[in-house]
Amino acid sequence: MSISLQDFSLENYLEELRPLIDVDCGTLTKEGIEVIANQMEKKYLDMGWYVKRVDCGIAGTGLEVRNKPDSDQIDVMMIGHMDTVFPVGTVAARPMTSDENRAYGPGVSDMKSGLLNVVYALRNIDKAVTDKLSICICMNPDEEIGSLHSEEWLKSVAVNAKNVLVAEAARADGSLVKARKGMARYRLGFTGKAAHAGNDPQSGRSAITEMANWVLAINALTNFETGTTLNVGVVNGGAGANIVPDQAEAVVDVRFWDNDEYADADAKIRALTETPFVDGVTITVEREAHKPSMVPSEKTEALMALVEQSGQELGIDIKWQEVGGGSDANLTAVMGIPTLDGFGPAGAGFHSADEYLELNTIEPRVQLLMRVLEKLAA
């Protein structure tokens with residue numbers, strides 16, 4: 001039993017998607033984010049919804065959209081991000097294109113099509129459904145760097161929400177996302193003492209030697225069995241081969257399923273600063289980003305059952321995945337709010353020039369979102 005989308009035209013959808021893709025709007029590119037925010041704001045104002053612009057500091061504008069702005073309670077909160085990972089110049093090099101099966105371009109599936117699908121669902125849904133629900137859509141400008149400047153705002157809204165649906169892309173096989181690893185990112189700074197490597201090396205204190213020992217110590221904290229992994233992904237330091245290096249830096253990515261195990265790893269990383277491997281070197285540890293893991297609760301499983309039933313009624317085979325990448329779903333799940341992700345159309349190749357959107361999943365995913373909202377209203 002399908003849901004009718006009034007005069008759904010793939011051609012019209014792609015024409016509405018194009019101006020969302022053909023904008024350089026990587027995180028912290030405020031001008032591009034503003035272009036996206038203005039487009040999205042107009043779509044909701046045209047539907048008669050209330051739009052509040054939120055200042056997210058150096059990241060730019062966030063949008064908080066509601067059908068019942070005076071309601072204390074939110075029945076359904078939907079989240080999506082307006083930023084991409086791509087630098088200025090990407091759109092000029094590869095603007096949106098499409099063929100019979102797929103659309104391509106920066107952010108086409110991560111996650112401009114997800115933002116647009118939410119609009120299509122709310123445009124087409126029966127007014128009797130939205131009359132029964134208090135709905136809030138939050139669109140933030142900085143998810144790709146861990147929502148550093150929007151986390152506080154998102155949580156302040158979510159505290160009043162009964163359910164959270166995140167419109168990130170479905171996986172390539174159409175799977176939705178029931179669990180996401182937590183993530184953290186650290187910047188480690190090492191300060192030693194420079195000296196001439198030939199004449200007076202013993203007077204130096206090598207920041208790079210200290211960093212090398214840290215790399216090994218951090219690698220030792222990885223536990224593949226439980227899924228806690230630490231990766232020293234960026235290192236730099238030194239000024240010349242004939243100088244004992246007095247500066248070095250490393251950036252570390254951490255992923256985990258178990259929030260307690262991560263807390264233990266965090267404590268061990270910080271404790272290493274107290275006992276340097278090289279006497280006389282000082283270390284700073286700055287945690288630049290953190291999202292707790294998203295693991296289904298009993299309430300989440302009840303929401304999953306509702307989604308599965310919705311899919312069954314529409315002839316959509318609902319599958320679930322646990323994925324290693326984080327999203328804003330992590331932020332709300334740890335608050336105990338039933339949270340599911342992957343409600344956008346299917347795609348893959350995220351964060352690369354190969355990113356694509358499966359065209360034949362657009363309309364069914366709009367219909368799925370509509371049916372889920374209908375069931376929540378009932």
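Me: Starting with helix 8: how far apart along it are D264 and K268?
Reply: D264 and K268 sit four residues apart in helix 8 (residues 259-271), which puts about one helical turn between them. Keep in mind that this is a predicted model.

Me: OK. What do D264 and K268 form with each other?
Reply: D264 and K268 form a salt bridge, and their closest N and O atoms are 3.1 Å apart. Side chains of opposite charge can pair when their charged atoms come close.

Me: And are those two buried, exposed or partly exposed?
Reply: D264 is partly exposed at 39% relative accessibility. K268 is also partly exposed, with a relative accessible area of 42%.

Me: How many salt bridges turn up in the whole structure?
Reply: A search of the whole structure gives 24 salt bridges.

Me: Give me another one. Which residue does E34 meet in a salt bridge?
Reply: E34 meets R53, with a distance of 2.2 Å from N to O. This pair links distant parts of the chain: E34 is in helix 2 (residues 30-46) and R53 is in strand 1 (residues 50-55), 19 residues apart.

Me: How exposed are E34 and R53?
Reply: E34 is partly exposed, at 28% relative accessible area. R53 is partly exposed as well, at 33%.

Me: What about D328, which partner does its side chain have?
Reply: The side chain of D328 meets that of K291 in a salt bridge, at 3.4 Å from N to O.

Me: New topic, UniProt. What does it list for residues 179-277?
Reply: The UniProt entry, which is unreviewed, lists residues 179-277 as "domain: Peptidase M20 dimerisation". In the model, the end C-alpha atoms of that span lie 38 Å apart. The span is 26% helix and 35% strand.

Me: Cysteines next. How many disulfides does the structure hold?
Reply: The structure holds zero disulfides. C56, for one, is in no disulfide, and the nearest cysteine sulfur, that of C138, is 9.5 Å away. A disulfide is a covalent bond between the sulfur atoms of two cysteines.

Me: Where do C56 and C138 stand, buried or exposed?
Reply: C56 is buried at 2% relative accessibility. C138 is buried at 0%.

Me: Now the surface. Which residues make the nonpolar patch?
Reply: V159, V334 and M335 make a nonpolar surface patch of about 240 Å². V159 lies in the loop between helix 6 (151-158) and strand 7 (161-166). V159 is exposed, with a relative accessible area of 57%.

Me: You mentioned strand 7. What is L165, which lies in that strand, in contact with?
Reply: Leaving aside neighbours within four places in sequence, L165 is in contact with V76, M77, M78, I79, L303, L340, F343, L369 and V372. L165 is buried, at 2% relative accessible area.

Me: And how far is L165 from G240?
Reply: L165 and G240 are 52 Å apart in space, C-alpha to C-alpha, and 75 residues apart in sequence.

Me: Last one. Where is T90, and what does it touch?
Reply: T90 is in helix 3 (residues 90-93). T90 touches D24 and P106, again not counting residues up to four places away in sequence. T90 is buried, with a relative accessible area of 10%.

Key
Residues are numbered from 1 along each chain as its sequence is written. This is a predicted model: local features need pLDDT of at least 70, side-chain atom pairs count only at pLDDT 80 or more; totals for chains, interfaces and linings use all residues. Side-chain values use heavy atoms; hydrogens and water are left out. A salt bridge is a side-chain nitrogen of Lys or Arg within 4 Å of a carboxyl oxygen of Asp or Glu. Helices (H or I, at least four residues) and strands (E, at least two) are DSSP runs, numbered from the N terminus. Buried means under 20% relative accessible area, exposed over 50%, partly exposed in between (1.4 Å probe, protein chains only). UniProt positions are given in the numbering used here, feature names are shortened, and annotations may be inferred rather than shown by experiment. Patches are made of residues with over 30% relative accessible area and no salt bridge: like charges are joined within 9 Å, nonpolar side chains (Val, Leu, Ile, Met, Phe, Trp, Tyr) within 5 Å. Accessible areas come from the Shrake-Rupley method with a 1.4 Å probe; for residues, only the protein chains shown count as cover. A disulfide is a pair of cysteine sulfur atoms within 2.5 Å. Contact means heavy atoms within 4.5 Å.
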